[in-house]
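Please work through the exercises below with the sequence and the model open beside you, and try each task before you read its solution.

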Amino acid sequence: MFLKRKLTVMATVALLSTSLLSGCSSSGGSGGAATPEEVLANKNARNALAMAIDKQALCDVILNNGSQPMNRYTPEKLAKDNGKDYGDLTKDMGFDFDEEAAKKAWDKAKEEVGFDTVELELLTFDHDSGKRTGEFVQSELADLEGLTVKVTNLPFEQKLERETNGDFDIAFSGWGADYPDPLSFLSTMKTGNQFSKQTGYKSAEFDKLVDEASKLPTTEAYAKYAEAEKMMLSDGFLAPLFQKGASYLEKPYVSGIVNNTWGADFTYTYADVDNKDKVLNLATSSDIPSLDVSKSTDQSSFQTMNTTMEGLTRIDEKGKVKPGVAESWKASEDGLTWTFKLRDNSKWSNGDPVTAKDFEYSWKRTLTPETASEYGYIMADIVGATEAPDKGVDKVGVKAIDDKTLEVKLTRPVSYFAELMSFQVFFPQNEKFVESCGEKYGTGVDYQVYNGPFTLKTWKMEDQFSMEKNPDYWDAANVKLNKINNKVVKETGAEVSLYEDGQIDRAALTADYVDKYKDNKEFKTRESASTFMLQVNGGRGTSK
């Protein structure tokens with residue numbers, strides 16, 4: 001049965017990929033054509049899209065890399081309460097694949113809105129996995145009568161820009177955990193935050209539940225978070241598809257790369273290669289959109305910053321928090337005041353010492369409305385952070401007591417605050433350097449300074465970038481690699497060829513390549529706390 005389904009899906013996708021345009025004409029209603037804004041404002045239309053996609057087939061046939069079908073937003077194995085997974089509370093939420101229910105909801109939407117036909121644009125990535133997923137989703141949605149789907153494949157930076165501006169109908173997108181708590185996902189849909197702004201989702205009741213949950217002990221908080229997640233999923237502005245898995249090949253002489261569950265995908269600080277040059281060669285499916293700490297929002301940017309910069313803390317090879325720029329820290333008895341003591345030997349690559357003022361400046365720059373950061377909400381637990389857009393940053397609870405002492409005031413105890421300090425948005429920024437770069441800050445090799453284990457040495461847009469060991473990094477003696485080369489490769493076949501030719505040391509696998517190499521001794525898999533979904537831009541029209 002599975003083989004039959006696989007062959008059917010592959011044949012359908014192959015047929016559709018010749019035109020990247022599909023749809024069925026109406027059987028003859030009286031409403032005529034509608035705009036995407038009109039249709040996607042309708043809840044039944046949004047829910048029909050979610051139910052029309054066979055997620056199991058997507059994971060088994062198109063991806064085939066260990067990804068698992070997903071109806072909920074917050075992934076499994078991210079957040080634990082006394083050993084119990086938050087995912088146990090949400091396992092029955094969201095929409096299963098149900099072709100008949102999808103058609104009924106779609107017919108009801110057509111009646112409510114008064115339309116026969118509509119064309120929707122689906123944004124996806126321009127690498128082959130993104131293209132194949134786009135073609136598959138297109139083929140699944142073709143079963144909704146009167147719907148035509150046009151697929152647009154874009155380089156990551158261009159896709160991200162359109163999503164940020166809300167310039168899309170449907171977008172195939174992903175979100176990875178920034179820290180080990182459901183709030184890392186649910187906060188993105190609070191009014192004014194990232195996916196809320198992009199999709200037009202506004203729910204005072206959802207916001208209230210999330211805010212209330214954030215102030216409760218863990219067990220009670222998780223129950224309320226789950227209530228909020230159920231409500232948000234039923235509204236249909238996000239349609240989860242799968243929790244990301246990864247299959248890859250890795251050369252036997254490579255060791256020490258840390259596969260992170262949350263934050264940046266990888267840590268290379270502890271990596272090694274068994275060759276005299278100590279050079280690690282990698283491929284990546286997308287370029288770096290930005291190295292501006294306050295403005296970056298994506299995995300590619302965070303991955304590069306995680307390799308070239310460092311925050312107050314860092315995560316070790318066992319996934320445990322350990323000292324970074326801060327050599328020690330302590331929390332007050334009530335958990336509301338954290339004091340970090342910075343080490344004396346942390347430097348920027350321009351020779352300046354890293355100081356507590358660099359952290360105060362960085363966080364306040366992120367919260368300043370003029371910066372237009374999409375990630376300021378992650379600082380919501382800091383005193384004055386949520387009021388900063390209206391009242392300014394002077395009363396935000398981060399203060400450099402002296403060059404080597406940073407004090408942070410919180411509105412509530414946050415058990416994972418030390419882990420959160422390892423996330424890239426909390427990294428320091430050198431004010432003098434930022435101001436000297438102006439609008440070019442973070443846009444090229446010469447427009448960023450680094451305080452981490454490596455420094456960015458070359459960056460050719462949509463081609464390659466490389467990093468070299470930072471001799472001034474405080475823990476340089478324990479960094480084994482001399483250089484990391486990254487080649488932008490958008491096709492799995494091309495990446496595998498580079499691996500087989502010995503030009504790269506790791507290669508991501510999907511679809512048929514997994515079947516080909518799964519018995520190879522260099523084949524490996526990893527889990528990820530990342531959810532891929534459709535963003536449905538339903539906030540542009542009037543709901544009917």
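**Exercise 1.** In which sense do S18 and strand S19 pair, and over how many bridges?

*Solution.* This is a predicted model, in which local features need pLDDT of at least 70, side-chain atom pairs count only at pLDDT 80 or more, and totals for chains, interfaces and linings use all residues. Residues are numbered from 1 along each chain as its sequence is written, and side-chain values use heavy atoms, with hydrogens and water left out.

Start with strand S19, residues 405-409, which pairs with S18 in the antiparallel sense over four bridges; strands here are DSSP runs of E with at least two residues, helices are runs of H or I with at least four, and both are numbered from the N terminus. Two strands count as paired if DSSP finds at least two bridges between them. Next, locate Ala-400, which stands opposite Leu-406 in S19.

**Exercise 2.** Which helices each supply at least two residues of the lining of the largest pocket?

*Solution.* Begin with the term: on a 1 Å grid over the protein atoms alone, a pocket is an open set of points with protein on both sides within 12 Å along at least five of seven lines, and lining residues have an atom within 4 Å of a point. The largest pocket has a volume of about 870 Å³, the volume being the space filled by probe spheres set on the points, with a probe of 1.4 Å. Of its 37 lining residues, the closest to the centre are Asn-193, Gly-376, Tyr-377, Ala-380 and Thr-386.

The helices asked for are H11 (204-213) and H14, and H11 gives the most, with three residues.
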